[in-house]
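Reader: Could you take me carefully through one part of this model, and then show me how its charged side chains are paired?

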Amino acid sequence: LCDHMSGSKRGLLLSAGSDPDTALVLQVAQRCGIEITHRETTAEAIQAYDRNPEIIVAIAKLGTSKENAWGPFIDHIKDRRVFTVVYSHTASHDAVTRQGCSEAGVRMVTANPHHLASALGKLLPYIPQGLAPSSGSHPSYICPLCGLGPVTEDQLWAHFPLYHVSDPGRHTKVKCSICNKLPGMPLGVHVQNDHGPPARGEMPTEDQMSLNECTYTFCLVVVRRADGRFLLVQEFCQVGWWLPGGRVNAKETLTQAAIRETKEEAGIDIRLTGILRIEHSPRGDGSARMRVFFLAEPVNEAQDPKTEPDYESMGASWVTVDQLQKLPLRSHEPTDWLPYVARGGPVYPMDLLAHEGAPPPKNT
């Protein structure tokens, strides 16, 4: 058994004073069955961590001075089996600060107690109290990226997006500990689609969900808030920030895909307001790639973006056009379309898209 994860579920919180956020974090952790040690200075938190090898989660506020700064505390935690969180309104809502936390190895950046509770709740199954070594029909595995385990196949399947969505690189040359193969694709993508519930036919793989046609269809969404800020997604494996969007699933319309992908990747419910562009690019193998760019607005301006990491993304933030130059971008689309919309570029009506045989729009 893994001695690091035996015994009680223990965590560590670095936060100066007893402000409402500190009390809320302690309450959430207690509700999730995690015993939290609270320290008010960086030095005290590091000392507490060194004395307790059973820490499974370390949470830090941003800090207001050198004495309670989160950076040295998180940097001190070399054991990658520890789930690290920065709990901060500033870091959660500011894309540049969020990016800095990710580059420092933080697994989750949030100021939403519901998102924190959801993530902490998912840590519990990974603690192998009394879990037997591999035997018979119930083998156990060690995560090849952080060494957590032993865990079951389903626990490892759930572990990957929570712990490793923010890892730099896609781990294409790391063997899968379940099948002992080099997957030839990002390890997290392989585990997500080839093991766990999809492998047993209990849920579809990404390919099974996608349109089984020669044209591969995608939606991208430019979401603009009333204050002029735009919604960007912090993509997995630190590949950069990008517009919310993704592939259209089977039996799904383009508009349904745009709304679903924005909710999954960014946590925001949207209302589509227009079309920016329709792209169609034939390929040499006879297939084609089609992308539709939508303009949208949030249904609820006060809704918080996603902060809980999962297979879809690490989270999302509202950004200004000026902040684009401070963020690593996955591709050029944000720098193309955010300034275009901000300048008042032409937007085409939604009725440009219609089902086959639908009547033309009424003249106004």
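Author: The model is predicted, with local features needing pLDDT of at least 70, side-chain atom pairs counting only at pLDDT 80 or more, and totals for chains, interfaces and linings using all residues. Residues are numbered from 1 along each chain as its sequence is written, and side-chain values use heavy atoms, with hydrogens and water left out. Helices (H or I, at least four residues) and strands (E, at least two) are DSSP runs, numbered from the N terminus.

Helix α2 spans residues 42-51, and its buried residues are Thr 42, Ala 45, Ile 46, Ala 48 and Tyr 49. These buried residues line one face of the helix, because they fall within an arc of 160 degrees when seen down the axis of α2, the arc being that of the directions from the helix axis to the C-beta atoms. The face turned away from that buried side carries the exposed residues Ala 43, Asp 50 and Arg 51. Buried here means under 20% relative accessible area, exposed over 50%, and partly exposed in between (1.4 Å probe, protein chains only).

Leu 62 lies in the loop between β3 and α3, and at 22% relative accessibility this residue counts as partly exposed. Once its neighbours within four places in sequence are left aside, the contacts of Leu 62 include Trp 70, Val 86, Tyr 87 and Thr 97.

Turning to the charged pairs, the structure holds 20 salt bridges, each a side-chain nitrogen of Lys or Arg within 4 Å of a carboxyl oxygen of Asp or Glu. In one of them Arg 81 pairs with Asp 79, their closest N and O atoms being 2.9 Å apart, and Arg 81 counts as buried because its relative accessibility is 17%. Another joins Asp 227 to Arg 225, with 2.7 Å between the closest N and O atoms; Asp 227 is partly exposed at 46% relative accessibility, whereas Arg 225 is buried at 17%.

Glu 333 and Arg 291 form a further salt bridge, with closest N and O atoms 3.0 Å apart. This pair links distant parts of the chain, with Glu 333 in helix α12 (residues 333-342) and Arg 291 in strand β11 (residues 288-298), 42 residues apart. Both Glu 333 and Arg 291 are buried.

Terms used
Contact = heavy atoms within 4.5 Å.
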